[in-house]
Amino acid sequence: MSATPTSREQRILEIIDTARSKPRRFRDNQVTLAHGAGGKATRTLIEGLLVPAFSPPDGGTLRALADAGSIAVGGTRLAMTTDSFVVKPLRFPGGSIGELAVNGTVNDLAVSGARPLALSVSLILEEGLESEVLRAEVEAIAQAARAAGVEIVAGDTKVVERGAADGMYICTSGIGALDVRAALAPDSLKPADQVLVSGPVGEHGTAIMLARDQFDLDAEVESDTCSLWPAVDALLDAAGEELHCIRDATRGGAASVLNELARASRVSITVREAAVPISPVVHAAAELLGIDPMYLANEGRLIACVAPQAAARALEALRSVPGCERSAAIGEVRREPPGMVLVETSFGGRRVMDELVGDPLPRIC
Amino acid sequence: MKFVDEFRDAQLGRVLAGEILARVEPERHYKVMEVCGGHTHSIYKYGIDDLLPDNVELVHGPGCPVCVIPMGRVDDGIAVARHDGVIFTCFGDMLRVPGSEYTLLDAKAQGADVRMVYSPLDALRIARSEPDREVVFFAIGFETTAPSTALTLKRAKAEGIKNFSCICNHVTIVPPLRALLESPDMRLDGFIGPGHVCTVVGARPFEFIPADYARPVVISGFEPLDILQSILMILSQLAEGRCEVENQYTRVVPREGNLRALEVLAEVFELRPHFEWRGLGFISQSALKLSSAYRDFDAEERFQVPGVRVADPKACQCGEVLKGVIKPWECKVFGTACTPEHAIGTCMVSPEGACAAYYNFGRFARERTAV
C-alpha cells in the first residue's frame, strides 16, 4: 500500500500517536447519547471527568479502569462494582432487565477474578408502571441471584413522575472475594498471549435490536445473558496465574474490549476474523443492517487473554462449561503497533478494528 | 451465507490478486478511484488494499452521501428540527455530521425530537401514527436512495398525509465526477463505477468518461471478489490501450438501468440549478429538489430555514484529496485541527472517508513497512 513513510508523513503520524495517547479531557458542552455508547465519547467522559475527580492524586484503584475496584479488609481482598440498567424494551428474547441487572454486576466481579458474594438492588420506578411488570422483574432478579449464588443484602426504591423514567431503571452494586488463584489486570497482556472468547458474539445486541421491532425482521435469537462466574472459575482452575486478563464484552462489544486491553497493556492484538464464532442469525442480521458483530453487545460472553503455553488447557476448560461449548481462540497479542487492534479478514486482507465512534444502538443494557 | 459467501472466497481472491500483479507494469503508478462510498467500505472491511501491488493506489471518491452534505444544509436541518412539534427523522450516520456549530445529535441532546430511521417509509409511518406532529425526513443519497424517497412521497400524496415533508438533499453522481475530471490537476487512471447507482441509471451516463476524458470505467459490485475483478478489468483496459465502460456487476446492473425508477424520479424531483458539496464547492445541476407537483411536501417551503451558506474552512483541502492530488497527510489541517472526533472536511466526517481511514490506518501502514 505505501512505501517507506517520508519524514513529513512520519511526523504527522507521530502527532496522531501523541494525540491518541494523551490523557482525555472532557470538553463537550452537553451529554449526548454517544457518551453512553461505550466508545470514544464514553472513554472521554470516564477518563476526562470522573476518574480525575474521584481519584487521589497519587493513584487510587479507579485509575486501573478495571471492571471492579479492589479493597483490602483485614486480610481479605474484596472486589466491588456497580452498574445501572436502562434497557429498552424491559423484556426481550432470552432475558429481561431484572436478569440483566444481576448478571451484569455479577459478571463485572467475575471477570475481575472475584467470586460474587452479595448484591444491592435499587429500583427507580415510573409512576404508572403496571404491578405485573414490576412483579415479573422482581422475580427475575430473585431467580438470577439464586442461579448466580449471590444474596441480595440491601436495596432501595424510588418512584418518579410519569415521563421521568421509561418504565423502570435498576442499579445494582456487588461485592465479591478476590480469588487467590487470580492475577488479572488489563495492563498485563504479553506478546504471544492467546485471545479466547467464550462463545458466539453479538447475540444480546441482536436480540434487543430485533425486540424493538424497528426493522421488519423476524429471527430466532436470544440474549446470551448469564453469570460468567462458572466460566471464570474453570479458567482460573486451568490456567491460574497464566491467565493475564478477563473482560466481559458488554457495551461496545468485543471490539471495544480488545481496544481497551491493547491500549492498557501497550501491545497490539490481532484477531483472526474467520475464527470468531458468530451464529448464522447474528451474521445475517448484522450483514443486512451494516453492523459489525464485533461491536454488538454481549451480556454473557467473556474475552480472556492467556499465556500461550496455557491456552489449549484454558480453552478446553472453558468449553466444558455449560453455555461455553463454542468458545474459541480468536487471535493473539503482538508487540507492534502498540495500542492497536488489527484484523486478519477472512478474505485474506488486514485492517484496523478501531474503537467505536458514535452509537449504533442506544440503551442496550 | 448463501449467495454472499461465494463472492468472498479467499482462495479466488488470491488468484485474482496474482492476475492483477501480472497485469501491472512495475515502474508505472496507478491511481484508481472507487467512486462510491460502499466500495470504500468493502475495501476497508475486507482489507482489499492489502492484496494489491504497492503501485496500485485506490483513491476514495466523492460517493459518500453523508460526507458531501455541506455545513449549511446541516444547519438548515437543525433549524427545522428545533421547530415546536416537529419530529425530525434521518438516517443514523447523518446524526454525527457537523454543521457550523452543532450536529443533529447535539440538537437532540438540546431537546429537539430527532429520530433515526432506516427508511423514508419509517418516517411516513411515524407521520401516520402521530397526526398532530409535523414529521420531516432529511433525505440524502445518490440515485440509489432517491427512488425510495420518491416512492414514499408518492404514497404520502396518495394517502393525503398532510403532516409529512422532506428536506431534499439528493444528489447525482455524474456532475461531481465531471467536475473532478475537468480539473487540470486530476491524476486518476480509471474509475470503479458505482454499481448501485447504475442499477437505477444504467451504464450509459458514464460513457462520457472514456469518450471525453479517455479514462476506463468498470461498473462494479460490492463484494471483495467483485472489486478485485473490476480493478483487474481496469488494468487490462489500460494495458491493452482500450478505454470503455465495462459492466462487471452484470448480475444486478442492466445496461439501461431501471426505467420505472427513473420515471418515478422524473415525476417527483427536478434538478436544482446548483448545489453545494462539502469540499467540492458549488456544482451546477448536481442535486434534486421536489418537483412542483410535490411542492407541498417540501420542508424548505413549509418551514423557515436559514439557507445560509457556510464556507468550508479555508485550510481544508478535501477537494485535492478527492482528486488524488494530495494524500490526506499532506493537507494542512490533517491530524491537527481536523480529526475524526472534530472533523472539518468531508473526508474526515465518515469513517470511510479517505482522511478518517488514513488517520486510523496510517500507523498500520508504517508497521507493515517495518515488517
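Guide: Among the elements covering the buried residues of helix H1 of chain B is helix H10 (224-240) of chain B. Buried means under 20% relative accessible area, exposed over 50% and partly exposed in between (1.4 Å probe, protein chains only). Contact means heavy atoms within 4.5 Å, and helices (H or I, at least four residues) and strands (E, at least two) are DSSP runs numbered from the N terminus. The model is predicted, so local features need pLDDT of at least 70 and side-chain atom pairs count only at pLDDT 80 or more, while totals for chains, interfaces and linings use all residues. Residues are numbered from 1 along each chain as its sequence is written, chains are lettered from A and ligands numbered from 1 in the order in which they are written, and side-chain values use heavy atoms, without hydrogens and water.

The residues of H1(B) that are buried are B:Ala10, B:Gly13, B:Leu16, B:Ala17 and B:Ile20. They lie on the same side of H1(B), because the arc they cover around the axis is only 110 degrees; the arc is taken over directions from the helix axis to the C-beta atoms. On the face turned away from this buried side sit B:Gln11 and B:Ala22, both exposed. The length of H1(B) (residues 10-23) agrees with expectation, because its 14 residues should span 20 Å at 1.5 Å a residue and its end C-alpha atoms are 20 Å apart. The expected span here is 1.5 Å times one less than the number of residues.

Helix H2 of chain B (residues 37-46) is largely enclosed by the rest of the structure, because seven of its 10 residues are buried. These are B:Gly37, B:His39, B:Thr40, B:Ser42, B:Ile43, B:Tyr44 and B:Tyr46. B:His39 has a relative accessible area of 0%. Apart from residues up to four places away in sequence, B:His39 touches B:Glu34, B:Ile192, B:Gly193, B:Pro194, B:Gly195, B:Ser220, B:Gly221, B:Phe222 and B:Ile227. H2(B) is followed by B:Gly47, with a positive phi near 65 degrees.

Two strands pair if DSSP finds at least two bridges between them. Strand S10 (residues 268-272) and strand S13 (residues 341-344) of chain A have four bridges and run in the parallel sense. The bridge partner of A:Arg272 in S13(A) is A:Glu344.

One residue of H7(A) is A:Ala262, which is buried at a relative accessible area of 0%. A:Ala262 touches A:Val267, A:Ile269, A:Gly339, A:Met340 and A:Val341, again leaving out residues up to four places away in sequence.

A:Arg266 is in the loop between H7 and S10 of chain A. Its phi is positive, near 50 degrees, although the residue is not glycine, and its relative accessible area of 65% makes A:Arg266 exposed. B:Gln285 likewise has a positive phi near 50 degrees. B:Gln285 is in the loop between strand S12 (281-284) and strand S13 (288-290) of chain B, and is partly exposed at 47% relative accessible area. Most residues other than glycine have a negative phi, and most peptide bonds are trans.

Chain A also has cis peptide bonds. One joins A:Lys88 and A:Pro89, with omega about 0 degrees; A:Pro89 lies in the loop between strand S2 (76-85) and strand S3 (91-92) of chain A. Another joins A:Glu336 and A:Pro337, with omega about -10 degrees. A:Pro337 is in the loop between strand S12 (328-334) and S13 of chain A.
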